Amino acid sequence: MGKEYVRFRCHHCLHCCTKVVCLPTPADVIRIVQATGRDPLSFLEFVTSEGISSVDPNDPTWLDCGDERYLMALWRPDERCVFLDHENRRCGIYEDRPILCRLYPFKARFRRDGVFKGFGLHGDVECPRHQDGEVAVAPLYALLQEDEEHQCDYEDLVRVFNRKQYPGKRPEDFIGMFVERN
Ligand code: SF4
Ligand code: SF4
């Protein structure tokens with residue numbers, strides 16, 4: 001699996017929770033709903049390609065609503081994640097945060113033959129890249145595998161959603177495919 005640790009420590013500059021659009025999976029949404037009791041519509045938004053330019057147009061999680069396509073994201077009022085605690089500058093759902101938030105800013109690297117090589121830092125993160133800490137690779141790798149399973153289930157759900165076309169179709173309708181709303 002390569003090195004056992006990545007040399008890095010987060011110094012909580014808040015870049016990840018303010019500048020980065022977080023894209024949760026349905027499994028993340030279910031976990032947050034169960035932990036907080038919140039209605040998913042109170043913490044999710046659906047962004048078009050104008051709102052997020054970094055995602056591949058061919059990404060399989062685009063929700064097709066006929067005349068527009070959307071990605072499911074954590075709501076960012078005032079360009080800050082809805083779960084960012086303003087007072088203590090920490091995540092308000094830390095134990096239940098999306099897997100993407102747990103993996104960021106680490107990026108898995110693979111050899112040409114697809115074998116996992118190790119973790120580095122995302123190139124597009126304006127992270128200070130402090131190297132005064134050690135983050136164990138094994139738990140990151142376990143998270144990566146869990147995320148891959150969740151992504152497969154996510155893509156299956158999106159395929160079913162995108163096959164259905166009906167008048168007035170909205171991206172919010174997607175939530176009803178995995179969470180019962182009151
Ligand atoms: S869920 Fe928490 S860790 Fe993730 S972006 Fe929001 S505040 Fe940051
Ligand atoms: S950009 Fe780096 S230091 Fe800033 S919050 Fe993210 S991981 Fe932490």
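Okay, hi everyone. Let me start with one pair of residues: Arg-109 has Gly-118 as its bridge partner in strand S8. Before I go on, a bit of housekeeping. This is a predicted model, where local features need pLDDT of at least 70 and side-chain atom pairs count only at pLDDT 80 or more, while totals for chains, interfaces and linings use all residues. Residues are numbered from 1 along each chain as its sequence is written, and chains are lettered from A and ligands numbered from 1 in the order in which they are written.

Back to that pair. Strand S7, residues 106–110, and strand S8, residues 116–121, run antiparallel and are joined by 5 bridges. When I say strands or helices, I mean DSSP runs numbered from the N terminus: E for strands, at least two residues, and H or I for helices, at least four. Two strands pair if DSSP finds at least two bridges between them. The hairpin of S7 and S8 has 5 residues between the strands, and in this hairpin Gly-114 takes a positive phi near 90 degrees.

Now zoom out. What does the secondary structure of the protein chain come to? You get 4 helices and 9 strands. Walking along the sequence, the pattern reads β-α-α-β-β-β-β-β-α-β-β-β-α.

As a reminder from class, strands of a sheet pair through backbone hydrogen bonds, either parallel or antiparallel.

What about overall shape? The C-alpha atoms of the protein chain fill a box of roughly 55 × 45 × 30 Å along the principal axes. A compact globule of 182 residues would have a radius of gyration near 16 Å, and the protein chain has 17 Å, which agrees. That radius is taken over C-alpha atoms, and the globule rule is 2.2 Å times the number of residues to the power 0.38. Of the 182 residues, 18% count as buried. Buried means 20 or more other C-beta atoms within 10 Å of a residue's own; 12 or fewer is exposed, in between is partly exposed, and the C-beta atoms are placed from the backbone. Among contacts in the protein chain with a separation of 6 or more, residues 24 or more positions apart account for 69%. A contact here is two C-beta atoms, placed from the backbone, within 7 Å.

How confident is the predictor? pLDDT, its confidence in each residue, goes from 0 to 100. The protein chain averages 92, and 98% of the residues score at least 70.

On to the ligands. "Around" means a C-beta atom, placed from the backbone, within 6 Å of the molecule. Around ligand 1 you find several cysteines, including Cys-16, Cys-17 and Cys-22, and also Arg-97. By class, that shell has 11 nonpolar, no polar and 1 charged residues. The ligand 2 surroundings include His-11, His-12, His-15 and Pro-105, and by class that is 8 nonpolar, 3 polar and no charged residues. The classes go like this: Ala, Val, Leu, Ile, Met, Phe, Trp, Tyr, Cys and Pro are nonpolar, Asp, Glu, Lys and Arg are charged, and the others, Gly among them, are polar.

The peptide bond into Pro-105 from Tyr-104 is cis, with omega near 5 degrees, and Pro-105 sits in the loop between helix H3 (99–103) and S7.

Asp-78, not a glycine, has a positive phi of about 55 degrees. Asp-78 lies in the loop between S4 and strand S5 (84–85). Buried or exposed? With 8 C-beta neighbours inside 10 Å, Asp-78 counts as exposed. Arg-89, also a residue other than glycine, has a positive phi near 55 degrees. Arg-89 is in the loop between S5 and strand S6 (90–91), and is exposed, with 11 other C-beta atoms within 10 Å. Thanks, everyone!

Methods. pLDDT is the predictor's confidence in each residue, from 0 to 100.
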